[in-house]
Amino acid sequence: MTDTAVVTGATSGLGAEFARQLAERGHNLVLTARDQERLEAKAAELSARYGVKVAVLPADLATPEGVEAVAARVAQPDVGILVNNAGYGLKDDFHINTAKAELDNLNVLVSAPLRLSHAAVNSMLARGGGRIINVASVAGFVPRGTYSAAKAWVISFSRWANLHYAARGLSATALCPGFVHTEFHERMQMDKSPFPGWMWLDAERVVREGLADAFAGKSISIPSKRYKILASIGRRGPQALVARVAARGR
Ligand SMILES: NC(=O)c1ccc[n+]([C@@H]2O[C@H](COP(=O)([O-])OP(=O)(O)OC[C@H]3O[C@@H](n4cnc5c(N)ncnc54)[C@H](OP(=O)(O)O)[C@@H]3O)[C@@H](O)[C@H]2O)c1
């Protein structure tokens, strides 16, 4: 039996591309995000194109009800792959955002992946293993606001879970992309123009490299050589340089 994959944030960007590449590999899918119409359109497109079963599960991962609804589906025994991908950034600085906006963001970026990983680990260990892919960011390697702090949690959690459960057939991989062409920056009303073309990656490549690393059991996946170098500076470079970059963040 081919494993079913649950993908959060599957209506656009990296999540939509994860859904497409997993369908191409023959996996049945459960797609989740808030926009039901977009989910249904994506499900119809992928099932027609790849002949796999695609179910939709509309849910807002900022809410406990939304997260529990997805956790209940993740805990089913057919699920062998979980992609914790849903996420967004906040446009304003920490002290300008409301506390609710920050907490909602933390729920989507951290609490939801924690809860869904918990559901996945328990059922995947019972079925002899599985793959958890947590979409983090290279931003998780430098201190740049609460977004980076949340992604640092995702990286640290994935590294630990991968070490802890590998012997039992379960891998956890933090996918750490740099800038990717998706709806992310438009949604947070960010001006993309200061960032040169070489800094941008396509979702197709990021997901292809992420899946290859996840299926190889790696704990961290950093797509492209250029971002491997930048991430290495962020992780191991002179802290004065890292601080200068960080100072320009929110
Ligand atoms: N693009 C980049 O440069 C970049 C770089 C590094 C990391 N990332 C990370 O990549 C992941 C995917 O982002 P993307 O770039 O593909 O952005 P995107 O195109 O804006 O997609 C974000 C997805 O998350 C869903 N989502 C947002 N808020 C949600 C909520 N409250 N509940 C449930 N689903 C929600 C959206 O669907 P609905 O609106 O329908 O809910 C959408 O499907 C995020 O975790 C992001 O932090 C992105």
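Mentor: Happy to! A term to start with: a residue is called buried under 20% relative accessible area, exposed over 50%, and partly exposed in between. Glu-183, with a relative accessible area of 28%, is therefore partly exposed. Please keep in mind that this is a predicted model.

Now to the partner of Glu-183: its side chain meets that of Arg-38 in a salt bridge, 2.7 Å from N to O. Arg-38 sits in helix α2 (residues 36-50) and Glu-183 in the loop between β7 (179-180) and α6 (184-187), so the contact ties together parts that are 145 residues apart in sequence. Arg-38 counts as partly exposed as well, at 32% relative accessibility.

Helix α2 also holds Lys-42 and Glu-45, 3 residues apart, or about one turn of the helix. Their side chains form a salt bridge at 3.3 Å, N to O. Here Lys-42 is buried, with a relative accessible area of 16%, whereas Glu-45 is partly exposed at 37%.

Another pair is Arg-127 with Asp-3, whose side chains meet at 3.2 Å, N to O. This pair links distant parts of the chain, 124 residues apart: Arg-127 is in the loop between α4 (99-126) and β5 (130-135), and Asp-3 is in the segment before β1 (4-8). Arg-127 is partly exposed at 28% relative accessibility, and Asp-3 is partly exposed at 23%.

Key:
Residues numbered from 1 in each chain as written. Predicted model: local features only at pLDDT ≥ 70, side-chain atom pairs only at ≥ 80, totals over all residues. Heavy atoms only, no water. Salt bridge = Lys/Arg side-chain N within 4 Å of Asp/Glu carboxyl O. Helix = DSSP H or I, 4+ residues; strand = E, 2+ residues; numbered from the N terminus. Buried < 20%, exposed > 50% of the residue type's maximum accessible area, 1.4 Å probe, protein only.
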